[in-house]
Amino acid sequence: MKATFSLLLLLFFSVGFAQDCNCASELDYVAEQAKAAPSFKSQWKSPMADRVLIAGLKDMIAKDENIELNCLYYLQTYLDVVKDNHIYIVDRNEDRDYTSLSPFYAGSPEALTSNAVTTTDDPITGIYDLAGVYRVAVVKINDATFDYGGYILESQHEDWPAGTLKFALRKTGEYYSGVFYNRKHQPQRNEVNLVNGRLYPERWVREEAAADWASNNYYLEGDTFQYENYGNGIHYVRLGDFGGDNETYKKAMELLQVLEEKLTSGKVILDLRNNGGGGPRTSDPFLKLFKKRKKDLEFHLIQNIYVGSNAEHFLLKAKKQLKLTTYGENTRGALAYGFGNYSKPSLITPCFGYSLGLTTSKYEKYMEFEEIGIAPDHYLDSKTYWIDQILSKIE
């Protein structure tokens, strides 16, 4: 009798949990956990606004016909109400098949192309390219959540056939809230704006604007740490990572030894592009050497949207301590919060097992740069390579 009762009780709770285990319940969990993060404590103080936001997101969740695919987008939308570029929620389950969930364009390929016509009243529509890997048609769509869909016309990958939805956009004020599906078809939210034919900071470029973005200043060949003598007293140094793991630290210190011998005088092109950060253990020794020789060295630093976290801290210190001019574009803007000394900051959501990373530390003096990034002294265009542009200025 007791065994039968226990089994019935277990079945009752299992059924109840299964019924409540959905994207809306995951949102409740994320919202509750997020309130412990310092960014939410300092920026998100209105219970009424919180309830309104959650209710609005749940309404969109209920209407989204692709919610099994897009759930992460809504959870990321909630987290994005605060300025905290370190906070995240992602799916690290390698066994989950997002490819089978991808939607397709309902009409013919000819209709897709003919509908992707850019007009003055609707400049977002058109044909876009991503680094020669994907070509999409962005068209208006009839959807409860999104206003535009970017559908594959051509792809270098077999699992992205023609007609597959690569991203969707929703107009929100001056910007577009977008769900962008990565190489594995997983959703990732990002706010974009149309800048000279590019969905910035994403790298989708409308075909008519290809000449303005002809140079790829985001793909860097070779080792993460590099030194090269360009001649005429000009040195090139790449610092591509400030990670604190032993392997990265070892490579960084090997480069530091080279720089101690080579950097005695002249002009230094310091390439910080794509450096997502790390820790002072790796970054500070370089700054110490540069500061020691600042009377004999003139620094010209390259930055892009992928420079973040500790690399941004390094950049601000360098601007104060060195003879330094910066070039490129705004950095990522991920420097006011961090994970402290926690090696595993992720929580696991109860339903779908998403990884939720909440920040644990706060650096108030950097708040003005969060999500905006650090502006360069000189913006560079992408018609030609940035290093060539800098060389033309300093030679």
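Which salt bridge do the side chains of K362 and E364 meet in, and at what N to O distance? I found 2.8 Å, N to O, for K362 and E364; a salt bridge here is a side-chain nitrogen of Lys or Arg within 4 Å of a carboxyl oxygen of Asp or Glu.

Note on the source: this is a predicted model, where local features need pLDDT of at least 70, side-chain atom pairs count only at pLDDT 80 or more, and totals for chains, interfaces and linings use all residues. Residues are numbered from 1 along each chain as its sequence is written, and side-chain values use heavy atoms, with hydrogens and water left out.

I checked accessibility next (buried is under 20% relative accessible area, exposed over 50%, partly exposed in between; 1.4 Å probe, protein chains only). K362 is partly exposed at 29%, and E364 is exposed at 56%.

Then I went to R189, which forms a salt bridge with D80, closest N and O atoms 2.6 Å apart. R189 sits in strand β7 and D80 in the loop between α5 and β1, 109 residues apart; strands are DSSP runs of E, at least two residues, and helices runs of H or I, at least four, numbered from the N terminus. R189 is buried at 11%, while D80 is partly exposed at 34%. I also noted a salt-bridge network linking D80, R189 and E191.

Last, I looked up H300, in strand β13 (residues 297-303). H300 counts as buried because its relative accessibility is 4%.
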